[in-house]
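Hi,

Here is the structure I promised to pass on to you. Have a look at it first, and then read on for my notes.

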Amino acid sequence: MNRFISPVRFATRMQPSTMLGISSVVRPSVILGARYMSVTARVTPPKELIGLSSLKDNPGSKSQAKRLGRGPGSGKGKTSGRGHKGQKSRAGNGKPTPGFEGGQTPIMQRFPKRGFTNIHGKDYTEINLDQLGRWIDTGRIDITKRITMRELKVAGLVKGVKDGVKLLGNGSSGFQHKIEIEVSRASQKAMKQIERKGGKVTCVYYNSIGLQSILSPSRFFLQPKLALPTKKRDIAWYSDPKNRGFLATEQEANTSA
């Protein structure tokens, strides 16, 4: 059953398009708000019947593919526009890979290499005791509470932390503060100076997720549980009391209990 659709309902339902014959963009809110506005003056009827059989692409949006190898009269016959012989005339060759030099030995193979990249290496952000003492003297770090890598980042002492923070002992003679600090690694010189002043150093293992939760806790809706080390070398290092590892601290507490 065919029903008559008023021009107002037609303009509010259909999208502006040249296929529908709408000469200008008319917003539904404007049409519904203006009761006495002449709608027929802005909407022109389509030139042909709108249906699936009359839908077609815009003029110029589609182009026919070039027919190659169909005689000299087409302009793309015989060699199909590729010329005579050569690498670019072969079928299926494609673009050479980066570094290909036509068959001769590439430059990356002609020169020897030195060194290697350690797949087990860690890129720690290093800080020294003289830097830490300077930040404490200027009041940028509060020593009344435990210092973590989060406090070091907020204070601006470390930036761009990748695998953790390592505490070194440069300037240990001038460090005179009693602090409790948690870092990924610490040198023996730094640990002895802090403990000489009555402080405490704890080396804690952090994986990538745990490190992000410490440095940027706002990124997590729920704080994840810190993971334990899985590699044997990490377990041995953080279990050694000499390194002040957090696993050794837990073992000593369990032993004393």
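**What I found**

The buried residues of helix 7 pack against helix 5. Those buried residues of helix 7 are Gly210, Leu211, Ser213 and Leu215. Please keep in mind as you read that this is a predicted model.

As background, nonpolar side chains tend to be buried together in soluble globular proteins.

Leaving aside residues up to four places away in sequence, Leu167 touches Ile127, Leu129, Leu132, Ile181, Val183, Arg185, Ala186, Ser187, Ala190 and Ile194.

Now to the charged pairs, where the count comes to 4 salt bridges. Among them is the one between Arg244 and Glu195, with N to O at 2.5 Å. Because Arg244 sits in the loop between helix 8 and helix 9 and Glu195 in helix 6, this pair ties together parts that are 49 residues apart in sequence. Arg244 counts as partly exposed because its relative accessibility is 23%, and Glu195 is partly exposed too, at 32%.

Lys162 and Asp123 form another of the salt bridges, with their closest N and O atoms 3.5 Å apart. This pair also links distant parts of the chain: Lys162 is in the loop between helix 5 and strand 2, Asp123 is in the loop between helix 3 and strand 1 (125–128), and the two are 39 residues apart. Lys162 counts as exposed at 58% relative accessibility, whereas Asp123, at 40%, is partly exposed.

A salt bridge also joins the side chains of Arg110 and Glu101, at 3.2 Å from N to O. Arg110 is partly exposed at 45% relative accessibility, and Glu101 is partly exposed at 28%.

Finally, a backbone detail to check. Arg244 has a positive phi of about 55° without being a glycine. Lys85, not a glycine either, has a positive phi of about 55°. Lys85 lies in the loop between helix 2 (28–33) and helix 3 (107–110), and its relative accessibility of 67% is why Lys85 counts as exposed.

Best wishes

Definitions and conventions:
Residues numbered from 1 in each chain as written. Predicted model: local features only at pLDDT ≥ 70, side-chain atom pairs only at ≥ 80, totals over all residues. Heavy atoms only, no water. Helix = DSSP H or I, 4+ residues; strand = E, 2+ residues; numbered from the N terminus. Buried < 20%, exposed > 50% of the residue type's maximum accessible area, 1.4 Å probe, protein only. Contact = heavy atoms within 4.5 Å.
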